[in-house]
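Here is a short briefing on the structure shown below. Points are grouped by topic.

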Amino acid sequence: MMRLTWRDLPIGGFVIEPGNARNNLTGTWRTERPVIDQDACIRCRICWMYCPEPAILELNKPYTTRGGKKYDMTYEIDYDHCKGCGICAHECPVKAIKMIPEVGG
Amino acid sequence: MLGIREEIVKERLGLTSNYAAAYAVKTVDVDVIAAYPITPQTTIIEKLAEFVANGELDAEYIPVESEHSALSAVVGASAAGARVFTATAAQGLEFMHEVLHITSGLRLPVVMAVPGRALSAPISIHGDYQDIMNARDAGWIMIIASSAQEVYDSIIMAYRIAEDQRVLLPVMVSYDGFLMSHTTEPVELYHEEYVRKFTPRNLSRYRLDPRKPITVGVIASPDWYYEIKYQAVHALRESKQVIKEVHEEFNKAFGTNYDLVEKYMVDDADYVLITYGGASSGNAKEAARRARERGLRAGVVRIRLFRPFPADELVNAVKDAKIVAVVDRALTPGDVYEGPVFSDVVSALYSRNIEKPVISVVHGISQRTMLADDFYNLYKMLDEYAKTGVYPRSTVFLGLRS
């Protein structure tokens, strides 16, 4: 990141460029990553609602489960911004999200 | 000079400093007032409530549940672009202390009036400057007025200074609790059009606006905090030049004679008292007159701008004096000397390579009566110290029963 001096920063620590948190890749903070089992997921949207980041992506991507159930959309994780808090896994009513340690051992 | 006053003065009223503050706030047309009553400030916000209720002032008036909330509410309104006002004193100023730092850190041009009062315990509603001196490191511009007229004029100037794009810092206008806040003096109020012309709104500063979103009040990691805090430190130091400019323009537009420090008979003075506020400065001037009648070359320097500290102006004013005393109406217990402004004066002199005896004097705590004779005796003491070369190396507590 560019090392701005005190003269270069907007006064008062104001953030004058809206939405720039996108550039801050907070995914590196994660110790556990949520992984969605697309066959078990019932597309209820609860993880999307609860994610504080928000790092659950709601995509117009059709998916057919192994059981033959067809969905118009898919939920995926934005791993660039997911901090691994685990709220999605905790709230998932069908336990379709598992938290997997980022570092093995 | 007289010509200008005839044109701009609308009326001459008998007003307390608190009412003078309220009239100034009305005339600069503030948008949002949030306040919580506390002695000796309450009559300011009562008067403002009356102006709003009567339709004389078109402002949002937010009665809040504490001083912490009062300053927080005007911080929010100021961040949204409003011109704001609040007032407090003593325990109230202590209670809003953390928000004082937030206001300056966020660079919000809040203006606040503070008639100074002693701090508990023991409980005291009476005036001194303990509360104000406790706020001195909060990054605000601090002006100390000495008359009701000066309070009125200073609040008008405060908006112009605070909102200057080069400054963008909060301004505190303080004065003596009770001895000024509740004392009626003649005050000349100006026609609104002249005051409004002098205090145009800064429409180009950043503000919270859903059409052009920004974030105010972020967390800064150690990578950024130091730089952002230094900006505010730098802005306060550099604001002195803007404050000077605003004083010059105000003097020209309103026919007044304000400066960062007020000098009274100091040009040839051997003995100088450095004071702030109304009662100590007034008594010191009377004492200087009496001392001069008795052959002592006495003078007074009153500090009007307290933060940023006018070091050069003060040093220039006292550099030829033989001996100087700083009269504090506040305390810094446990410090090398127990008068807070004394320390500022000594470091100002030392940093400019001026070596001379400086005496630390404390008086007027919780409005302990300060007599002109006390100050006259101080001049006599200075004369004696100058002759003997022996002077006190600890704070002199005047008016204390001992």
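**A buried arginine in chain B**

B:Arg302 counts as buried, with 23 C-beta neighbours inside 10 Å. (Buried means that 20 or more other C-beta atoms lie within 10 Å of the residue's own; exposed means 12 or fewer; partly exposed is in between; C-beta atoms are placed from the backbone.) This is a predicted model: local features need pLDDT of at least 70, side-chain atom pairs count only at pLDDT 80 or more, and totals for chains, interfaces and linings use all residues. Residues are numbered from 1 along each chain as its sequence is written, while chains are lettered from A and ligands numbered from 1 in the order in which they are written.

**Around B:Arg302**

- B:Arg302 sits in strand S11 (residues 298-303) of chain B. Helices (H or I, at least four residues) and strands (E, at least two) are DSSP runs, numbered from the N terminus.
- Leaving out residues up to four places away in sequence, B:Arg302 touches B:Ser146, B:Val261, B:Glu262, B:Thr275, B:Tyr276 and B:Ser281. Contact here means that the C-beta atoms of two residues, placed from the backbone, lie within 7 Å.
- B:Gln241 is 61 residues from B:Arg302 along the chain, and their C-alpha atoms are separated by 19 Å.

**Confidence**

- The model scores ipTM 0.87 and pTM 0.91.
- Chain B has a mean pLDDT of 97, and 100% of its residues reach 70 or more. pLDDT is the predictor's confidence in each residue, from 0 to 100.

**Chain A**

- Chain A has two helices and six strands. Along the sequence they run β-α-β-β-β-β-α-β.
- The radius of gyration of chain A is 18 Å, but a compact globule of 105 residues would have one near 13 Å. This radius is taken over C-alpha atoms, and the globule rule is 2.2 Å times the number of residues to the power 0.38.
- Its C-alpha atoms fill a box of roughly 60 × 35 × 20 Å along the principal axes.
- Of the 105 residues in chain A, 15% are buried.
- Take the contacts in chain A between residues at least 6 apart in sequence: 71% of them join residues at least 24 apart.

**Chain B**

- Chain B contains 14 helices and 15 strands.
- Its radius of gyration is 21 Å, close to the 21 Å that the globule rule gives for 402 residues, so chain B is as compact as a globular protein of that length.
- The C-alpha atoms of chain B fill a box of roughly 70 × 55 × 40 Å, taken along the principal axes.
- Buried residues account for 52% of the 402 residues in chain B.
- Among contacts in chain B with a separation of 6 or more, 81% are between residues 24 or more positions apart.

**Where the chains meet**

- Ten residues of chain A contact 15 residues of chain B.
- The chain A side of this contact has seven nonpolar, three polar and no charged residues. Ala, Val, Leu, Ile, Met, Phe, Trp, Tyr, Cys and Pro count as nonpolar, Asp, Glu, Lys and Arg as charged, and the others, Gly among them, as polar.

**Helices of chain B**

- Helix H2 (residues 17-27) of chain B has eleven of its eleven residues buried, so it is largely enclosed by the rest of the structure. Among them are B:Tyr19, B:Tyr23 and B:Lys26.
- B:Asp29 follows H2(B) and has a positive phi, near 65°.
- Helix H12 (residues 311-318) and helix H13 (residues 340-351) of chain B pack at an angle of about 80°, with their axes 9 Å apart. Axes are lines fitted to C-alpha atoms, for helices over the stretch in contact, and angles run from 0 to 180 degrees between N-to-C directions.
- H12(B) and H13(B) are therefore roughly perpendicular.
- H12(B) contributes B:Ala311, B:Leu314 and B:Val315 to the contact, and H13(B) contributes B:Val345, B:Ala348, B:Leu349 and B:Ser351.
- Six residues of this contact are nonpolar, one is polar and none is charged.
- Roughly perpendicular covers 65 to 115 degrees; under 35 counts as roughly parallel, over 145 as roughly antiparallel, and the rest as oblique.

- Most residues other than glycine have a negative phi, and most peptide bonds are trans.
- The peptide bond from B:Ser120 to B:Ala121 is cis, with omega near -5°.
- A cis bond also joins B:Ala121 and B:Pro122, with omega about -5°.
- B:Phe178 has a positive phi near 65°. B:Phe178 is buried, with 21 other C-beta atoms within 10 Å.
- B:Met265 has a positive phi of about 55°. B:Met265 is partly exposed, with 17 other C-beta atoms within 10 Å.
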